[in-house]
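User: Got a model open here and I'd like to go through it with you. Can we start with one of the loops?

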Amino acid sequence: MGKATVNLDTKFRIGTVDDRIFGGFLEHLGRCIYNGVYEPNHQLSDNDGLRSDVREALDDLGVTIARYPGGNFASGYHWENGVGERDQRPTVRELAWQSTETNHFGTNEFVHLCRKLNWQPMLAVNLGTGSPEEARNWVEYCNSVTGTYYSDQRARNGDAEPLRVPIWCLGNEMDGPWQLGHVPVDEYCNRARMAAQMMKVCDPSIELVACGSSAPQMSTFVEWDQRVMQRLGADLADYVSLHRYVGNPGGDSEEYLGTSKEIDQQIESIDAAARTVAAQQNSTRRTYLCFDEWNVWYRARGGEHSDGAGRFAPALLDETYNFEDALVVAMFLLSFIRHADVVKIANIAQLVNVIAPIKTNSDSVLKQSIYYAFQMISSRKGGEALQQSISCDSYSTKSHGEVPYLDSAAIVNGDELKLFAINRNLTEAMDLTIACADRPCTALKDGELLSHSDLKAENTWEKPNEVSSSELGNVAIKDGEVRIELPPQSFAALSLRLG
Ligand code: AHR
C-alpha cells in the first residue's frame with residue numbers, strides 16, 4: 001500500500017472559497033433548455049415547465065449560480081426575441097448549433113428558474129452579432145426600477161420588480177474562429193469597453209466578466225487575456241473568463257488523471273497575467289478569474305453531435321460519463337479550491353442533457369457519474385482553503401511530468417475541517433494521514449467515497465446506480481491525526497471536527 005501525508009495548519013489560509021465556484025451553465029443547445037429544464041407538457045412539470053424529478057436532481061447537486069443563454073448561442077441571440085407573450089415570440093433558425101429556436105424560454109423564465117432553485121443568475125450578452133447598446137438595454141430590462149422603456153416592458157411581462165442579475169459576461173469565446181462575430185482582440189476590446197461602460201452606467205452594482213481566450217491550446221492563450229485586461233482594466237473587467245474541456249481520447253488513464261496539473265497551470269498562467277496588468281497599471285485593483293465553462297467533453301464533439309440540422313431541441317453533445325471522468329471532474333473543483341484567492345466563479349458546462357451531470361428521458365432522470373463528484377464537494381462548501389504540505393509518491397507521465405498519486409484540497413470552517421482526496425494509483429490503495437499542526441482532529445462528522453474497480457463504468461438507464469457515492473469506511477482517528485485507507489482509483493470527501 002502507498003503512503004501519503006497531508007500536513008495542515010488552520011492558520012495557513014489561501015482565501016475564502018467562494019460559493020460561486022459551484023456554478024452551472026444552461027445554454028440553448030440540444031436538450032438542455034427544451035426537454036431539459038423546460039418541458040411544459042410533461043406530467044411532472046410545474047407551472048413554469050420544470051419537472052419535479054429534474055428539480056430534485058438539480059436541488060441536490062448544490063449549484064449556486066447559473067450562466068445563460070450560452071455559450072456559442074449567446075453570440076447570435078437577441079434577447080428581445082425571448083420576452084413578452086409566448087405566442088408572439090419569433091421562431092428563428094439558431095446559428096451556433098443550426099437548430100430551430102422557439103424563444104419560448106427567455107430572460108424572465110430563466111430568472112424565475114434561478115429563484116426557484118436558489119441560484120444567482122448570470123447572463124452572457126451578445127457581442128458577436130449584437131450591439132453594445134442591445135447589451136445595455138438588457139441590463140435596463142433586468143435591473144432598473146420601472147419608469148423607463150425596457151423596465152416598463154419587463155413590468156408588462158409580469159415582473160414589476162427588477163430581476164436583479166448581478167453578473168454579466170461580455171460575450172463568449174470571441175477569440176474563436178467558430179464564434180459568430182469573432183474578431184481580433186482589439187476589436188473585441190472596443191466592443192466590450194463600449195458595452196461595459198454603458199452597462200455599468202445603467203447599473204453600477206453589476207460585475208462583468210470579460211472574454212478570456214477560449215482554451216490553453218489556442219494561439220491566443222494568455223496574450224489575448226492580457227490585452228483584454230489591459231484595455232478594459234479592473235474597473236470594467238471584474239473577472240476574465242477561462243474555459244477548459246478535457247478528455248481521454250488516447251485511452252491512457254494515467255495520463256488523463258494527471259489533468260489536474262494542467263488545470264492548475266492554466267489558472268496560474270492567467271492569474272500571472274492579471275497580476276502583471278495590475279502592476280503595469282500601478283493599480284491596487286486586479287481582475288479575478290471566472291472559470292465559466294469547464295468539464296470533460298471529448299466523445300460527443302463535432303459533426304452530427306453539434307449540428308442540429310434545423311431541428312427543434314435535437315440531442316446534441318450527449319456525452320455519457322464514466323467513473324474516470326468523475327475523478328477528473330473532482331480534480332477541477334479541487335484545483336479551484338486550491339486557488340480560492342483568485343478563482344471566484346466557476347460553471348460546470350452544462351447542467352442537463354448537454355455534456356451534463358443530469359440526463360432526462362421521457363419518464364425519468366439519470367444522475368451521471370460526474371454528478372456524485374460535484375455533489376460530494378458542493379455539499380461541503382463554505383470556509384477558507386488551507387495551504388497543504390503533501391508527501392506522497394508520484395508516477396511519470398508523457399505530458400504532465402511527475403504526477404503525485406494524491407490530489408487533494410482542504411477547507412476550514414470554524415471547528416470543521418473538510419478534506420478532499422483522490423488516489424490516482426490504479427492498482428494500490430493509499431494509507432493517507434491527515435495531520436493538523438495547531439488543532440487536533442477529534443471526530444469524523446461524515447465521509448463519502450466514490451470508487452469503482454472499473455474506470456470505464458457508467459451509469460445507464462438500465463444500471464442507474466453503477467457509479468455512485470457511498471459511506472467512507474476505514475477512517476481512524478488517533479492522537480489528533482486521521483488515517484484513511486483510500487482504495488485504488490478513488491475519491492473521498494470528509495468532514496472532520498477540530499478540537
Ligand atoms: O458548452 C458547449 C460550448 O463549448 C459552448 O457553447 C462554447 O462556449 C464552448 O465552445
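Analyst: Pro 177 touches His 182 and Met 218, leaving out residues up to four places away in sequence; contact means heavy atoms within 4.5 Å. Bear in mind that this is a predicted model: local features need pLDDT of at least 70, side-chain atom pairs count only at pLDDT 80 or more, and totals for chains, interfaces and linings use all residues. Residues are numbered from 1 along each chain as its sequence is written, and side-chain values use heavy atoms, with hydrogens and water left out.

User: Is Pro 177 buried or exposed?

Analyst: Pro 177 is exposed, at 61% relative accessible area (buried is under 20%, exposed over 50%, partly exposed in between, with a 1.4 Å probe and protein chains only).

User: And which elements is the loop with Pro 177 between?

Analyst: That loop runs between β8 (167-170) and α5 (185-202). Helices (H or I, at least four residues) and strands (E, at least two) are DSSP runs, numbered from the N terminus.

User: How far is Pro 177 from Phe 323 in space?

Analyst: They are 33 Å apart, C-alpha to C-alpha, and 146 residues apart in sequence.

User: Switching topic: what does Phe 491 contact?

Analyst: Beyond neighbours within four places in sequence, its contacts include Leu 327, Ala 330, Leu 334, Phe 420 and Leu 450.

User: Pockets next. Which residues of the second largest pocket's lining divide as nonpolar, polar and charged, and how many of each?

Analyst: Six are nonpolar, six polar and seven charged. Here Ala, Val, Leu, Ile, Met, Phe, Trp, Tyr, Cys and Pro count as nonpolar, Asp, Glu, Lys and Arg as charged, and the others, Gly among them, as polar.
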